[in-house]
Amino acid sequence: MLVQRRTKGGIFAAALTAVATLVASALPAHAETGVSSSTIKLGITVPLTGAAAPGYNKIPAAMKAYFDYVNANGGVNGRKIQLVVKDDAYSPAQTLSVTNDLILKDKVFALVGTLGTANNEATTRLVNSHGVPRLFVNTGFSGFADMKKYPTTFPLFPSYATEAKAMGKYIADNLAGHKVALIYQDDDFGADALKGFATAGTSFVAKIPYSALSQADPSVVGKWVTSIVSAQADTVIMFGVTSATGALAGGLYKAGLIGKVQMILGSVGSDGTTLKGLLGPLAPALAGSIAASFLPSPSDATDEYVNLFKTVNTQYNPGATFDNNVLVGMNTAMLTVQALRAAGTSPTRASLVKAIEAKGSTWASAAFSPILFCAKSHVGYTGYWFGKLGLDGNAVSVDGPGKYTLYTTDSGSAPVVKTAAARPAMPAKGLPNN
Amino acid sequence: MKLKSPRARFFISIAIGAVLLFISGRVDELRSYQGAQVAIFAIAISSIVLLTGFSGQISLGHGALMAVGGYSAVLVQSHLNLPYPIAFLIGGAVGGAAGFLLGIAAARLQGPYLAGTTLALAVGIPSLANQFHILGGEQGLTFDIGTAPSWIGKDFSQYRWFFWVAVVAALLIYWLLRNLLSTRYGRRWRAVRANPTAAALAGINVGKAKVLAFTLSSAVAGLAGSLYAMLLGLVAPLAFTLTLSFTLITGAVLAGVSNLGGSIVGAVVLVAIPEISGSITSHLGGSEKVTSNLPGLITSVLLVATVLFAPNGPKWPQRKHQ
């Protein structure tokens, strides 16, 4: 009897579950994937382990800290932001694998700040087929602004071509007659840079490509130094990730070339704190290097954005040194919050993309460059300022602390324009009110 | 009809395939992706089982042979506009040709020397992509086999289609290898593995047998490489790293290197490890550092445990003649 009753109970439970499932599946879909009445779930892929990790592995924690700050102040339209972080070790195969998890298993609403050119390329098919917004990708590959190929992708950083053009103009204005060598990562990242330098008309005594991650190999760094010496270069541009800059500085130091060769660093590879960590006692070797940036210097105590982010960092990200990576993470997070607010009280993936196109150019951000998002363009920032690294590893503007001259241009053939920096004022307490 | 006859195996393969393809319609996209991953890894691991378990040679460079197959498939598809099944076959054929050349050298090498040579291959070959413009450099080349043909059905997800393609390829390879291993070639390889001198005395051309095994194994790895390219949608040096080669060997060791059927188990374990470690950390609420390093730890522990407690491979159901 008991057995029978159990069976009956089981059948009843099963029937109930089946009915519940049917009803649930027949109900109209109220919420968008990744959005509940109390939360919005976002995802990010970054190298947390491996050769490319130093520096970049601080970005997700910084973003989380800013989201926590916003969540503690009411969230976005009453919803708290969650960030799911996945490590891809900078391998495109791994990026695809973990992005599958983010989109299909964790069911995130959008991706934000995903890092790496090849890495973002590898997940494009998946992202496009599910219409997942991919906000503010952490790469300067100009191709991602192609709206036909990447309809839901928004690059934020100025393209590498823009950066190379600005750098070319800076060299022509300030370092004319110098013998310049160029070291670049041999992929679209570097190809974009070569294109920009060609447009700017910069000539090189040596062009030295290296494959991603090979900077960890001392013999590769040895080859760079040999090429620099044999070309008799007195200036060297490093267009690579931070660990490559570290490797170059170490190589130049060993060869006794510090002070004899002027280093010019791209924005991707010039974070002072990370370099200090990589180089240890050798860090002062970098002092005097020229670095391109679009965000304010993290050491600029007069900057309202920097000061706010520092406070948030102390409170919500204890133990993390405030540096460029933290700044990048928080700035990306601040723009994300404005995008989510603009997407409406019942945000959908489509409304998020539309909101960025419609209003993105007006949002508050720490960078001095204007943002160009509109219905016809997914290009974000467009300009750079130049600074010199001090002994503390932070860049100080060549025009003096707190004064920034911006070199603005596009990824194509437009000329480089020098302007004084301007940007929207920060909303009260750094909490977006758009 | 005997169960071990080629025809019986053919029907068994078809039955297994039908069941798997039926299941594919019942699972979500993520499981389809993982299923395709398992099928592709199983093919790649079976190439190592064929080489190491049956002919007694070792290779640490099968990731590189996968790269050869993957790049070949992508190049013929993009430059010659050939349909992708032919691209896959060419991927296998070019992989086999590379293996033949390598096999000639390999037949003269043994133990650590062979391991070293193939290791150099694993390190060197993927970086060739940076030397030749046609190979797309660090960025790699994209590979798109398109969606499922419309006659198969509507709403057929991309990953489900990949799963179908990979499963059909895997079953075909298994059927071929299973049959091959019960022919005189299979018997010769086992004789060579057990005792090369005795095999030579028995009239077996040891060198020839080894080269043949290397060629076939590489062709299978090349096919796996082109399927891997299909799954990733691209070929790039970073997709065929040393880690891939080592992962395959780990899979083969977990499978029991002389057991063809075990390679499926090895592939399932490889795909399941990140999944398992993910659910462990989400339950324990570990930090990101733990999450990103746990899969490596689990793999290493499993590998060490296998070598310590089951040096001849775990006892999956085995056939007597093995």
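**Exercises on a two-chain predicted model**

Leu227(B) is part of helix 9 of chain B; helices here are DSSP runs of H or I with at least four residues, strands are runs of E with at least two, and both are numbered from the N terminus. The model is predicted, so local features need pLDDT of at least 70 and side-chain atom pairs count only at pLDDT 80 or more, while totals for chains, interfaces and linings use all residues. Residues are numbered from 1 along each chain as its sequence is written, chains are lettered from A in the order in which they are written, and side-chain values use heavy atoms, without hydrogens or water.

**Exercise 1.** Determine whether Leu227(B) is buried or exposed, and list what it touches.

Step 1. Buried means under 20% relative accessible area, exposed over 50%, and partly exposed in between (1.4 Å probe, protein chains only). The relative accessible area of Leu227(B) is 1%, so Leu227(B) is buried.

Step 2. Contact means heavy atoms within 4.5 Å. Leaving out residues up to four places away in sequence, Leu227(B) touches Ile40(B), Ile43(B), Phe88(B), Val165(B) and Ala169(B).

**Exercise 2.** Identify the residues that touch the most other members of the largest nonpolar core.

Step 1. A nonpolar core is a set of buried Ala, Val, Leu, Ile, Met, Phe, Trp, Tyr and Cys residues joined through side-chain atoms within 4.5 Å.

Step 2. The largest such core has 122 residues, and those touching the most other members are Leu42(A), Trp224(A), Ile237(A), Phe239(A) and Phe309(A). Helix 12 (residues 324–342) of chain A supplies the largest share, 11 residues.

Step 3. A second, separate core holds 89 residues, including Ile40(B), Ala44(B), Ala129(B) and Val165(B).

**Exercise 3.** Describe the interface of chain B and chain A by residues, area and salt bridges.

Step 1. Chain B contributes 24 residues and chain A contributes 28 residues.

Step 2. Buried area is the accessible area (1.4 Å probe) that two parts lose on being put together, summed over both. For these chains it is about 2,200 Å², with 56% of it on carbon and sulfur atoms.

Step 3. A salt bridge is a side-chain nitrogen of Lys or Arg within 4 Å of a carboxyl oxygen of Asp or Glu. The rule finds one across this interface. Lys105(A) and Glu275(B) form a salt bridge through their side chains, at 3.2 Å from N to O.

Step 4. On the side of chain B that touches chain A, the elements giving two or more residues are helix 2 (29–55), helix 6 (158–181), helix 9 (206–232) and helix 12 (288–309) of chain B.
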